[in-house]
Amino acid sequence: MARAPGRHPPARYELLVDGHLDDYWSAWFGDVTVTREGAGTTSLSGLVADQAELHGLLAKIRDLGLTLISLTRIETADVGDHEIDSPR
């Protein structure tokens, strides 16, 4: 089945922000895993359905006044139409 131009399958992303987020913020970010990292940073990782959902995550980061350090698309092998490997 061909995709519409500009349409991409879901992809796994990792966003790194400055500061440590408390556990209760996990629910606000939905299905994204929130992990406190060393050096006072927090990573947000998970499957993102499309660009609209990615922009929604970025808006939440902005609304919390967090500093975005990096945004990385995690390359994974496609297993099925929209299934991908587990996070690293």
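Colleague: Which residues form one aromatic cluster?

Modeller: This is a predicted model. In it, Tyr24, Trp25, Trp28 and Phe29 make up one aromatic cluster. The count of aromatic pairs comes to 3.

Colleague: Why is the pair of tyrosine 24 and tryptophan 25 called tilted?

Modeller: Their ring centres are 5.3 Å apart, and rings pair if the centres lie within 6.5 Å. Their planes stand at 40 degrees; under 30 degrees would count as stacked and over 60 as edge-to-face. The pair is therefore tilted.

Colleague: What makes the pair of tryptophan 28 and phenylalanine 29 edge-to-face?

Modeller: The centres of these two rings lie 5.5 Å apart, with the planes at 75 degrees. Because an angle over 60 degrees counts as edge-to-face, the pair of tryptophan 28 and phenylalanine 29 receives that name.

Colleague: Is phenylalanine 29 buried or exposed, and how do you know?

Modeller: Its relative accessibility is 3%, and buried means under 20%, so phenylalanine 29 counts as buried. Tyrosine 24, at 57%, counts as exposed, since the cut-off for that term is over 50%. Tryptophan 28, at 33%, is partly exposed, as is tryptophan 25 at 24%.

Colleague: What lies over the face of tryptophan 28?

Modeller: Lysine 60 does, at 5.2 Å from the ring centre; the distance limit for this description is 6 Å.

Colleague: Why is threonine 42 called buried, and which backbone atoms does its side chain reach?

Modeller: Threonine 42 belongs to strand S3. Its relative accessibility is 0%, so the residue counts as buried. A polar atom of its side chain lies 2.7 Å from the backbone oxygen of glycine 19, and the side chain reaches the backbone nitrogen of leucine 21 at 3.1 Å. Both distances fall within the 3.5 Å limit for a polar contact.

Colleague: How do you know that the buried residues of H2 line one face of the helix?

Modeller: The buried residues of H2 are Leu54, Leu57 and Ile61. Seen down the helix axis, they fall within an arc of 55 degrees, so they line one face. In general, an α-helix has 3.6 residues a turn, so residues three or four places apart point the same way. On the other side of H2, Ala52, His55, Arg62 and Asp63 are exposed. Strands S1, S3 and S4 are among what covers the buried residues.

Colleague: What caps the N-terminal end of H2?

Modeller: Aspartate 50 does: one of its side-chain oxygens lies 3.3 Å from the backbone nitrogen of alanine 52.

Technical notes:
Residues are numbered from 1 along each chain as its sequence is written. This is a predicted model: local features need pLDDT of at least 70, side-chain atom pairs count only at pLDDT 80 or more; totals for chains, interfaces and linings use all residues. Side-chain values use heavy atoms; hydrogens and water are left out. Rings of Phe, Tyr and Trp (its six-membered ring) pair if their centres lie within 6.5 Å; planes under 30 degrees apart count as stacked, over 60 as edge-to-face and the rest as tilted. Buried means under 20% relative accessible area, exposed over 50%, partly exposed in between (1.4 Å probe, protein chains only). A charge sits over a ring if NZ of Lys or CZ of Arg is within 6 Å of the ring centre and within 35 degrees of the ring normal. Helices (H or I, at least four residues) and strands (E, at least two) are DSSP runs, numbered from the N terminus. A polar contact is a pair of N or O atoms within 3.5 Å; within protein, one must be able to donate a hydrogen and the other to accept it, and residues adjacent in sequence count only if both atoms are side-chain atoms. The arc is that of the directions from the helix axis to the C-beta atoms. Contact means heavy atoms within 4.5 Å.
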